[in-house]
Amino acid sequence: MHQLILLDFHWTELLQPKWYIEHGGLWFILFAVFAETGLFVGFFFPGDSLLFIAGIYAHEIKDKITGKTLPGLSHTFLELIGFGNIQNRWLDLLVLITLVVIAGILGNIVGYLFGKRIGPTMFHWKDNFIFKKKYLTQAHDFYNQHGGGAIIFARFLPIVRTFAPIVAGIVEMDKKKFTYFNIVGCIAWVSAMILGGNFLQQWLWKQFQFNLEEHLEVIVIGIVLITTAPVLIKIFFSRKKSSANKTA
């Protein structure tokens, strides 16, 4: 179906969200969200842009080889449960959002339990290709500054959202409180990204006949800049403040 195989492969395609959609489809999206929100090795997944583009392909996907329009990402699950003959845009969006929300909630739970069990020792780990202690420290500082709301805010910040649940486990945040912020944050993040991609695509096409599918690289760059801007600004001003203190 929409899981295409490209013969001319290059490793840089791994940085493009559409590659994951074409090769792994719905199941890989669920795995990527689970890993990015619960496993410290999953911070490199392009969560925001992946969900935004998934919203564009929730209902239908155009095969770039044959040119045919195929059922969207949600069809994989609907077909599995015996409802493959149903094609409805609203149902497809609901199914996709629900499944991704579940994956994101479970991912954070795993991260929380991991942090509660062995998290404190992670501050003594040495940096390597997969693990960077500075990411854990940034998440810890972010959590201390925003409290329980950090679980919600972290959903919209790359890298931070990977380590926030781990930090919540390290500081032994109350389970009920964590569960509440976990569910609310995941629903807000997933809904915003998927619905944003789906409706922006429809609106731009109806108003200007502008197809987002033909400009995915620009979308990815834009989303990365928007989502990382708060972190970059904080780092910039923190360093500026530290330099000022040293010269004072």
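First, the ground rules. This is a predicted model, where local features need pLDDT of at least 70, side-chain atom pairs count only at pLDDT 80 or more, and totals for chains, interfaces and linings use all residues. Residues are numbered from 1 along each chain as its sequence is written, and side-chain values use heavy atoms, with hydrogens and water left out.

Start at the surface. Trp27, Leu80, Ile81, Phe83 and Ile86 make up a nonpolar patch there. Together they have about 480 Å² of accessible area. Areas come from the Shrake-Rupley method with a 1.4 Å probe, and for residues only the protein chains shown count as cover. Nonpolar side chains (Val, Leu, Ile, Met, Phe, Trp, Tyr) are joined within 5 Å, like charges within 9 Å.

Take Phe83. Its place is the loop between α3 (75–80) and α4 (89–122). Helices here are DSSP runs (H or I, at least four residues), numbered from the N terminus. Phe83 is partly exposed, at 41% relative accessible area. Buried means under 20%, exposed over 50%, partly exposed in between (1.4 Å probe, protein chains only).

Next, Arg161. Is arginine 161 buried or exposed? Arg161 is buried, with a relative accessible area of 3%. You will find Arg161 in helix α7 (residues 160–170). Its side chain makes a polar contact of 3.0 Å with the side chain of Glu36. That term means a pair of N or O atoms within 3.5 Å; within protein, one must be able to donate a hydrogen and the other to accept it, and residues adjacent in sequence count only if both atoms are side-chain atoms.

Now the rings. Rings of Phe, Tyr and Trp (its six-membered ring) pair if their centres lie within 6.5 Å; planes under 30 degrees apart are stacked, over 60 edge-to-face, the rest tilted. The count by this rule is 4 aromatic pairs. In one, Phe28 and Phe31 have centres 5.9 Å apart and planes at 55 degrees, so that pair is tilted. They sit 3 residues apart in helix α1 (residues 17–38), about one helical turn. Phe28 is partly exposed at 24%, and Phe31 is partly exposed at 42%.

Tyr112 and Phe178 form a stacked pair: 4.4 Å between centres, 20 degrees between planes. Tyr112 lies in helix α4 and Phe178 in helix α8 (residues 175–208), so this pair ties together parts 66 residues apart in sequence. Tyr112 is buried at 3%. Phe178 is buried at 2%.

Terms used
Patches are made of residues with over 30% relative accessible area and no salt bridge: like charges are joined within 9 Å, nonpolar side chains (Val, Leu, Ile, Met, Phe, Trp, Tyr) within 5 Å. A salt bridge is a side-chain nitrogen of Lys or Arg within 4 Å of a carboxyl oxygen of Asp or Glu. Helices (H or I, at least four residues) and strands (E, at least two) are DSSP runs, numbered from the N terminus.
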